[in-house]
Amino acid sequence: DALPAIVLDDLAGTPIELASFAGKPLLINFWATWCRPCLREIPVLKTFHEDHPDIDVIGIAVDRLDPVLEYAEEMQFNYPVLIGQSEGMQAMAEFENDSGAMPFSVYVAADGALLGRHAGELHAEHLENFVATVAALAHGSVDRTGAREMLAGRR
């Protein structure tokens with residue numbers, strides 16, 4: 001139930017350990033510059049990050065450095081972006097996405113426990129469900145199992 005030991009470079013080339021973001025609920029979003037649904041959801045994630053400062057958003061670009069840097073300059077991300085081509089694919093596999101399909105998102109509790117995964121484009125209802133799940137977990141009205149059921153739409 002802990003974040004896997006994943007280390008990827010940020011936009012400045014500094015290695016960042018994914019576990020260093022523990023302490024807050026976390027939405028990890030895997031994307032690429034060539035993936036249209038990925039690019040559509042980034043503005044949604046930027047707004048989500050602004051509206052929910054109690055939840056960290058981390059983007060992981062599974063792509064080449066130059067296109068990501070160019071896109072990042074244009075997009076002006078307000079959340080951290082990590083980069084890795086093959087390392088990004090390995091990171092997705094750590095979260096049981098062996099196919100490499102994107103966009104792909106991972107929901108993580110404040111204690112680093114994996115709560116769920118989402119394959120495909122995120123929409124407002126997915127993010128609202130994550131916020132409700134995090135709140136329920138924080139208030140003790142659900143345990144991890146209940147939180148996982150909420151995210152899976154079974155509760």
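Both faces of strand β6 are covered, with Phe104, Val106 and Val108 buried on one side and Ser105 and Tyr107 buried on the other. Here, buried denotes under 20% relative accessible area, exposed over 50%, and partly exposed the range in between (1.4 Å probe, protein chains only). The structure is a predicted model, in which local features need pLDDT of at least 70, side-chain atom pairs count only at pLDDT 80 or more, and totals for chains, interfaces and linings use all residues. Residues are numbered from 1 along each chain as its sequence is written, and side-chain values use heavy atoms, with hydrogens and water left out.

Strand β6 spans residues 104–108, and five of its five residues are buried. Strands are DSSP runs of E with at least two residues, and helices are runs of H or I with at least four, numbered from the N terminus. In a regular strand the side chains alternate between the two faces of the sheet. Strand β3 (residues 26–31) pairs with β6 in the antiparallel sense over five bridges; pairing requires that DSSP finds at least two bridges between two strands. Within this arrangement, Leu27 stands opposite Tyr107. Strand β7 (residues 114–119) is likewise antiparallel to β6 and is joined to it by five bridges, with Leu114 as the bridge partner of Val108. The β6–β7 hairpin has five residues between its strands, and Gly112 in the turn has a positive phi of about 90°.

The largest nonpolar core contains 54 residues, of which Leu27, Ile28, Phe30, Trp31, Phe77 and Phe95 touch the most other members. Such a core is a set of buried Ala, Val, Leu, Ile, Met, Phe, Trp, Tyr and Cys residues joined through side-chain atoms within 4.5 Å. In soluble globular proteins, nonpolar side chains tend to be buried together. Beyond its neighbours within four places in sequence, Phe77 is in contact with Trp31, Ile42, Tyr71 and Ala72, where contact means heavy atoms within 4.5 Å.

Gly59 lies in strand β4 (residues 56–61) and counts as buried because its relative accessibility is 0%. Leaving out residues up to four places away in sequence, Gly59 touches Asn29, Trp31, Tyr79, Pro80, Val81 and Leu82. The C-alpha atoms of Gly59 and Gln90 are separated by 15 Å, the two residues being 31 apart along the chain.

Thr133, in helix α4 (residues 124–139), is buried because its relative accessible area is 0%. With residues up to four places away again not counted, Thr133 touches Ala147, Met150 and Leu151.
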